Amino acid sequence: MPKVLTDAQVEDYRTDGYVCPIRAFDADAAAGYRDRMDQLEADHPGLWARAKVKPHLLMTWLNELMREPRILDAVEDVLGPDILAWATGHFDKKPHDPGFLAWHQDATYWGLSEPSVVTAWVALTPSNQQNGCLRVVPGTHTDGQLRHTDTFAADNMASRGQEITVDVDEAAAADLQLQPGEFSLHHTMLVHGSSPNTSDVRRCGITIRYVAAHVRQTTGFQDSATLVRGTDRHGHFRPEPRPSTDFDPAASAFYDEIVGEAERRKAAIAAQSGSPRSER
Ligand SMILES: O=C(O)CCC(=O)C(=O)O
């Protein structure tokens with residue numbers, strides 16, 4: 001029996017590749033996380049924007065967020081009991097921000113062995129049609145790996161402006177509208193993107209990428225993850241330290257090492273494909 005999702009939602013995830021909305025915590029808690037994020041931006045200008053790979057190794061609040069029991073319960077409902085948090089990040093669109101994400105599939109860039117990988121997109125602000133919420137094309141997670149290209153388009157928030165090269169049926173897209181403290185789950189192969197913010201309201205979400213413990217990194221480069229639930233019987237990822245304070249020296253040293261490894265991995269994926277790819 002599922003822990004948080006209904007049987008119908010678990011079935012929807014299998015059929016459509018996403019579930020939305022699910023409540024993680026209340027609006028006050030969302031405001032608390034947003035304050036921590038804003039404080040970080042104020043104290044270390046530019047750092048948060050650059051910390052794309054595993055900022056949960058630097059920030060205690062983000063490390064807490066990725067362990068939120070309600071999020072893990074929902075992730076367990078779709079991935080099973082042994083769960084690693086592999087990556088974290090954020091997508092922030094200020095009022096009237098022209099930034100957008102072209103249609104893409106996350107799995108294209110990550111070098112992971114198979115698609116038992118799900119993203120929790122956690123809203124710290126309202127996220128709706130007007131401010132450019134996440135949009136998905138239901139069912140496309142079963143379409144296989146689609147071709148992507150790097151467009152370097154201005155305002156595409158992906159680092160190389162990655163986008164799918166085949167036509168996407170936009171009319172079929174669903175808007176994943178969320179209130180602060182709610183989250184959606186989307187499958188790593190699901191076609192998704194988002195539009196610019198045409199409103200006066202900021203749109204900010206934290207992304208947490210969870211993998212089932214049997215998933216491996218296939219590129220030959222070292223990778224790490226944090227066991228957040230169950231047991232890791234596979235040992236495919238190097239265990240990550242938990243920061244005891246923000247910028248904890250041991251966790252920061254680990255972060256520097258693993259970011260270096262991630263850069264080498266990205267370069268290797270680019271060399272293999274003949275076209276530079278990247279994690280966002
Ligand atoms: O937040 C967005 O607009 C896009 C997020 C996204 O592409 C992702 O979570 O992979």
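Mentor: Ground rules: it's a predicted model, so local features need pLDDT of at least 70 and side-chain atom pairs count only at pLDDT 80 or more, while totals for chains, interfaces and linings use all residues. Residues are numbered from 1 along each chain as its sequence is written, and side-chain values use heavy atoms, with hydrogens and water left out.

Trainee: Why is the pair of Phe-25 and Tyr-33 called tilted?

Mentor: Rings of Phe, Tyr and Trp (its six-membered ring) pair if their centres lie within 6.5 Å; planes under 30 degrees apart count as stacked, over 60 as edge-to-face and the rest as tilted. The count by this rule is four aromatic pairs. Phe-25 and Tyr-33 have ring centres 5.1 Å apart and planes at 50°, so tilted it is.

Trainee: What makes Trp-48 and Trp-61 a tilted pair, and what does the pair tie together?

Mentor: Their centres are 5.5 Å apart and their planes stand at 55°, so that pair is tilted. Trp-48 sits in helix 3 (residues 47-50) and Trp-61 in helix 4 (residues 60-65), so the pair ties together parts 13 residues apart in sequence. Helices here are DSSP runs of H or I with at least four residues, strands are E runs of at least two, and both are numbered from the N terminus. Phe-25, Tyr-33, Trp-48 and Trp-61 form one aromatic cluster.

Trainee: Are Phe-25 and Tyr-33 buried or exposed?

Mentor: Both are buried, and Trp-48 and Trp-61 are buried as well. Buried means under 20% relative accessible area, exposed over 50%, and partly exposed in between (1.4 Å probe, protein chains only).

Trainee: Then why is Ala-29 called partly exposed?

Mentor: Its relative accessible area is 29%, so Ala-29 is partly exposed. Ala-29 belongs to helix 2 (residues 27-43).

Trainee: How do you know that strand 4 is largely enclosed by the rest of the structure?

Mentor: Seven of the seven residues of strand 4 (residues 117-123) are buried, so that's the conclusion. Val-117, Thr-119, Trp-121 and Ala-123 point one way, Val-118, Ala-120 and Val-122 the other, and all are buried.

Trainee: How do you know that strand 4 pairs with strand 9?

Mentor: Two strands pair if DSSP finds at least two bridges between them. Strand 4 and strand 9 (residues 182-187) have five, in the antiparallel sense. Strand 4 also runs antiparallel to strand 11 (residues 203-212), joined by seven bridges. Ala-120 has Leu-185 as its bridge partner in strand 9 and stands opposite Ile-208 in strand 11.

Trainee: Which residues lie nearest the centre of the largest cavity?

Mentor: Phe-91, Leu-101, Trp-121, Leu-134 and His-192, out of 13 lining residues. Strand 3, strand 10 (192-194) and strand 11 each give two or more residues to that lining.

Methods: 1 Å grid on protein atoms, 1.4 Å probe; cavity = no way out; pocket = protein on both sides within 12 Å on 5 of 7 lines; lining within 4 Å.
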